[in-house]
Each structure stands twice: as structure tokens, then as C-alpha cells.
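Please read it alongside the model.

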Amino acid sequence: MNIIIFGPPGAGKGTQAERLQDLYNLKHLSTGDMLRSEVSSCSELGLKLKSIMDAGQLVSDDIMIELIGNCVSQPDCENGFILDGFPRTIPQAQALDDMLGHMARKIDHVLVLEVDENALIDRIRNRAKETGGARSDDNEEVLKKRLGEYRAKTAPVLPYFEGKGLLRKIDGMMPIEKVSAKIESILNIEPPKKH
Ligand code: AMP
């Protein structure tokens, strides 16, 4: 089972993706985490990525498509994966379809966490507090830019998947447990039995 989770920054994509990873034995692929790990390596590419991410902008499609292409073909994605943070643009969505088509695989579910934008700044402030400011883009000024990118470039990707009949919208303002329960009812499968 291959899943995409969409939602603006702070919508709870990572939290839900982690739960699905454990419950259904899927690989959680967070492009944000992958990029942050490259940034912390202080490589030349990492330094370039940092300045883009700190400005709340999107990294180029070419880099992102190559990154995800390398991941989904790995053995740890054989049982399925959850994409968190990808695709973020229409060219990324088309490239994903192409690469999965070549592997005779497909996306099975597209989940959208819908959140009141006014609540996001509080969530991002809380995340910054809880993580001791681990993410340099978790502040009000950059959040506004990230939201602008989401509206302009990522929201237009949703009709692409709606046209394929895959899109399911979820009220991301509910408590975490309720959001998880709703997602599980949408996926409508029994978690694999632990041996
Ligand atoms: P996230 O952790 O998903 O909020 O991502 C943090 C930052 O990484 C974003 O604000 C972008 O700068 C960059 N990023 C993550 N995923 C992508 C993507 N699919 N396309 C372009 N930029 C991305």
C-alpha cells in the first residue's frame, strides 16, 4: 500500500505518517527530514538547501525527484511507503506517476489534512518549543512564506489526484487520536499481525 499525505506546514503529516509506518509496516519517506539530514552534514549541497529552506521556498523539482526516485526503489519500500512532503508541485506529481509506472506500482490513497491556517502558527510555535528550536524554519515569518508556497504550488496538485479518484479530505483540527482513527477507517484494512 502506497500513501501520500498532504497538508500545510504544521498540519500533523509527520505524526500521522509515523503512526502508519508502525501500524502497517510501511516506510515513512519525509522529504523534509531527508533534506535536513543533508543540511546537517554541512556538505556544499546542504548549505545551498539550508538557504532555500530557511527562506521558506521550495527546493528544485529536479533535486526532489531524484531524491524520491532513489528511495522508492529501495527494498525497505517493497511493502509500501508513506510520502510526507512529496509531491509538492505538479511536475513532482507527474514524475512520481512515471517512476511508479515503470516499477508497475501505484499510489493507493491520497490523504489531505485540512487545518485552519490561524491554528498553524500556534502549532509551529509549540513545535519550536518542544524541539528546542531544532528547525530554523519553524517561526512565524518563514511559516507565512511556506504557507504561500503551499497555496501557490502544492494545493494545485490536489485536483490532479482528485481526478484519479484517490483524494480523501480529513479534518486535521481533531485531536491526534481522532485523526488517526479517521485515517485508519479510510484505509480500511486490518493492521498486519505481529509475529
Ligand atoms: P517539511 O519538513 O516537509 O515541511 O519541509 C521543509 C522544507 O523542505 C520545505 O519548506 C522545503 O523548503 C523543503 N522541501 C521538502 N519537501 C520538498 C519538496 N517535495 N519539494 C520542494 N521542497 C521541499
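At what angle do helix α4 and helix α5 pack, and how far apart are their axes?

## Basis

This is a predicted model, in which local features need pLDDT of at least 70, side-chain atom pairs count only at pLDDT 80 or more, and totals for chains, interfaces and linings use all residues. Residues are numbered from 1 along each chain as its sequence is written, and side-chain values use heavy atoms, leaving out hydrogens and water.

## Helices α4 and α5

Helix α4 (residues 61-72) packs on helix α5 (residues 90-102) at about 30 degrees, with the axes 10 Å apart. That makes the pair roughly parallel. Helices here are DSSP runs (H or I, at least four residues), and strands are too (E, at least two), numbered from the N terminus. Axes are lines fitted to C-alpha atoms, for helices over the stretch in contact, with angles from 0 to 180 degrees between N-to-C directions. Angles under 35 degrees count as roughly parallel, over 145 as roughly antiparallel, 65 to 115 as roughly perpendicular and the rest as oblique.

The crossing of α4 and α5 is right-handed (the near helix is turned clockwise from the far one by less than a right angle; anticlockwise is left-handed). On the α4 side, Asp 61, Met 64, Ile 65, Ile 68, Gly 69 and Val 72 make the contact (heavy atoms within 4.5 Å). Pro 91, Gln 92, Ala 95, Leu 96 and Met 99 supply the α5 side. By class, there are 8 nonpolar, 2 polar and 1 charged. Ala, Val, Leu, Ile, Met, Phe, Trp, Tyr, Cys and Pro count as nonpolar, Asp, Glu, Lys and Arg as charged, and the others, Gly among them, as polar.

## Helices α2 and α3

The axes of α2 (residues 31-40) and α3 (residues 44-54) come within 7 Å and cross at roughly 125 degrees. The two helices are therefore oblique to each other. Their crossing is left-handed.

Gly 32, Leu 35, Arg 36, Glu 38 and Val 39 of α2 meet Leu 45, Gly 46, Leu 49, Lys 50 and Met 53 of α3. This contact has 5 nonpolar, 2 polar and 3 charged residues.

## Ligand site

There are 16 residues around the ligand (a heavy atom within 4 Å). Thr 31, Gln 57, Gly 85, Arg 88 and Gln 92 come nearest.

A polar side-chain atom of Thr 31 lies 2.8 Å from a ligand nitrogen. A polar backbone atom of Gln 57 is 2.6 Å from a ligand oxygen.

## Leu 166

Leu 166 sits in the loop between α8 (158-162) and β5 (167-171).

Notes: Polar contact = N/O pair within 3.5 Å; in protein donor to acceptor, adjacent residues only side chain to side chain.
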